Amino acid sequence: MRFEFEDLVFSLALLVLVLATPCLGAFETNENNIKSAVFLSPKMELGPGSVSNKLYYDFEFPSGHIAIKSFDAEVVDEDGNKVPLHETYLHHWVVMKYHKLKNVTNKGNGQKSGYAVRNHGLCQGQVLGQFFGLGSETRGTSTHVPDPFGIESGNPEDVPEGYEEKWMANVHAIDTRGVEDKKGCTECRCSLYNVTNDESGKPLSPDYIGGLLCCSDSAQCKVRQGFEGTKRSVYLRYTVKWIDWDNFVVPVKIYIFDVTDTVKKSDYSTGTNPVHHCHVEYHVDPCSTSHKDRNSCIQVNKANIPLQKGGYVVYGVAHQHSGGNGSTLYGQDGSVICSSIPTYGNGTEAGNEADYIVGMSTCYPKPGSVKIADGETLTVVSNYSSNKRGHTGVMGLFYILVAEQLPQQNFRNSFLSSVVPFIRSIFY
């Protein structure tokens with residue numbers, strides 16, 4: 001019987017490790033090793049109806065070579081009190097990685113001093129390139145990355161010489177105190193903001209009735225006549241949990257799929273990859289006969305998106321705005337990879353605001369049970385209700401974490417890469 005050299009090396013090395021280890025449980029991540037830190041974003045000053053939508057460079061973030069286990073956030077006031085959505089609506093917050101030239105201060109949009117590092121998602125450029133991010137659902141949505149998986153940060157081997165790894169954030173908050181139409185303000189309806197041009201001064205298309213272009217930074221939504229309110233300062237308070245990186249952590253890749261993605265297929269004769277044009281937001285039409293489903297008005301949008309490199313799904317969640325009825329990610333064979341359903345609040349307290357999405361259900365498949373094949377075409381379906389009204393500027397995103405290897409495969413490969421050279425030196 002003939003054994004491969006690497007199999008022999010692995011067996012010998014594993015035997016040595018087992019003999020030297022008091023408990024096999026040491027192979028698994030210990031929850032006691034989890035570290036946690038709470039940060040505050042820069043101050044956002046908001047008056048009734050006003051909007052803050054800024055980029056923050058050098059965003060505070062844990063340092064070192066680590067594995068992120070969760071990233072949670074919410075809006076608070078200067079005293080640390082939670083601010084409810086019906087006062088300050090958190091349209092979205094996203095956190096992105098970038099490489100910055102050492103000893104250089106960011107100027108303007110930061111492009112001269114560094115460059116963005118996006119996730120593994122498929123949208124063009126830096127569209128939906130964030131590593132972390134949610135919206136109004138942030139308080140009630142789990143972001144925990146299950147053991148032994150982790151989102152890698154701070155690996156010095158990934159940073160080019162002369163650069164350092166940094167993080168930046170975009171926080172989009174809308175103060176709806178005293179406004180004429182809270183839903184209209186949160187959906188960025190252009191008529192309520194009296195906006196006809198985008199930030200660059202270019203006229204908006206006549207059929208663009210609402211969305212991000214109408215609620216940009218410093219925009220003002222219409223306030224009720226006679227309402228008086230003061231400015232106040234709010235912050236994004238975010239909590240990051242992590243562990244130190246080691247060979248037992250299985251890295252995951254982040255993919256964000258967009259239901260508005262219009263994919264142009266590859267030209268295999270020239271080796272051209274698919275082109276993904278993600279519009280990010282779209283409109284939900286008022287109820288019509290074509291959208292009726294069992295006496296309910298549901299608009300169904302879907303997109304078929306090919307994924308060149310697959311792997312094992314370990315987490316999934318959708319992002320929708322008010323009116324959302326849930327979203328599902330399907331495999332090429334029609335099987336459900338993950339279905340994410342919104343929870344609507346029914347009170348006034350922060351985290352349970354009536355008629356707002358306050359949470360999205362998440363998926364945690366058993367490791368190895370949900371696999372996406374290389375080259376598989378996935379289908380994203382996003383459902384919105386338009387029973388009472390249409391909706392503007394809604395989103396239909398799906399965020400998943402994918403591991404290219406299972407824990408035992410990752411451990412074997414990591415372990416062999418570290419001990420094979422040493423064992424070879426002994427035998428040869």
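Biologist: How many cavities of 30 Å³ or more does the structure hold?

Modeller: There are 3 cavities of that size in the structure, which is a predicted model.

Biologist: What is the volume of the largest cavity?

Modeller: The volume of the largest cavity comes to about 60 Å³. It is lined by 13 residues, and L85, L90, S136, T138 and R139 are the closest to its centre.

Biologist: Turning to the core, which residues have the most contacts inside the largest nonpolar core?

Modeller: They are W93, F132, I151, Y193, F257, Y399 and L401, in a core of 91 residues. Strand β27 (residues 397-403) provides the largest share of this core, with 7 residues.

Biologist: Are the residues of β27 buried or exposed?

Modeller: In β27, 7 of its 7 residues are buried. One side carries L397, Y399, L401 and A403, the other F398, I400 and V402, and both faces are covered. In a regular strand, side chains alternate between the two faces of the sheet.

Biologist: Which strand pairs with β27 over 6 bridges?

Modeller: That is strand β12 (residues 253-258), in the antiparallel sense. Within this pairing, I256 has Y399 of β27 as its bridge partner.

Biologist: How many bridges join β18 to β27?

Modeller: Strand β18 (residues 311-319) is joined to β27 by 7 bridges, and the two run antiparallel. V313 is bridged to V402 of β27.

Biologist: Back to F132: what does it touch?

Modeller: Not counting residues up to four places away in sequence, F132 touches F61, I68, F71, W93, V94, V95, I151, W167 and Y399.

Biologist: Where is Q130 found?

Modeller: Q130 is in the loop between β6 (114-117) and β7 (132-134). Beyond its neighbours within four places in sequence, its contacts are V94, V95, M96, N119, I254 and I256.

Biologist: Why does Q130 count as buried?

Modeller: Q130 counts as buried because its relative accessible area is 10%, and the cut-off is under 20%.

Biologist: What about G347, buried or exposed?

Modeller: G347 is buried, with a relative accessible area of 15%. It lies in the loop between β21 (342-344) and β22 (357-360). Leaving aside neighbours within four places in sequence, G347 contacts N352, E353 and A354.

Definitions and conventions: Residues numbered from 1 in each chain as written. Predicted model: local features only at pLDDT ≥ 70, side-chain atom pairs only at ≥ 80, totals over all residues. Heavy atoms only, no water. Helix = DSSP H or I, 4+ residues; strand = E, 2+ residues; numbered from the N terminus. Buried < 20%, exposed > 50% of the residue type's maximum accessible area, 1.4 Å probe, protein only. Contact = heavy atoms within 4.5 Å. Core = buried A, V, L, I, M, F, W, Y, C linked by side-chain atoms within 4.5 Å. Pairing = 2+ DSSP bridges. 1 Å grid on protein atoms, 1.4 Å probe; cavity = no way out; pocket = protein on both sides within 12 Å on 5 of 7 lines; lining within 4 Å. Points joined across faces, edges and corners; volume = space filled by probe spheres on them.
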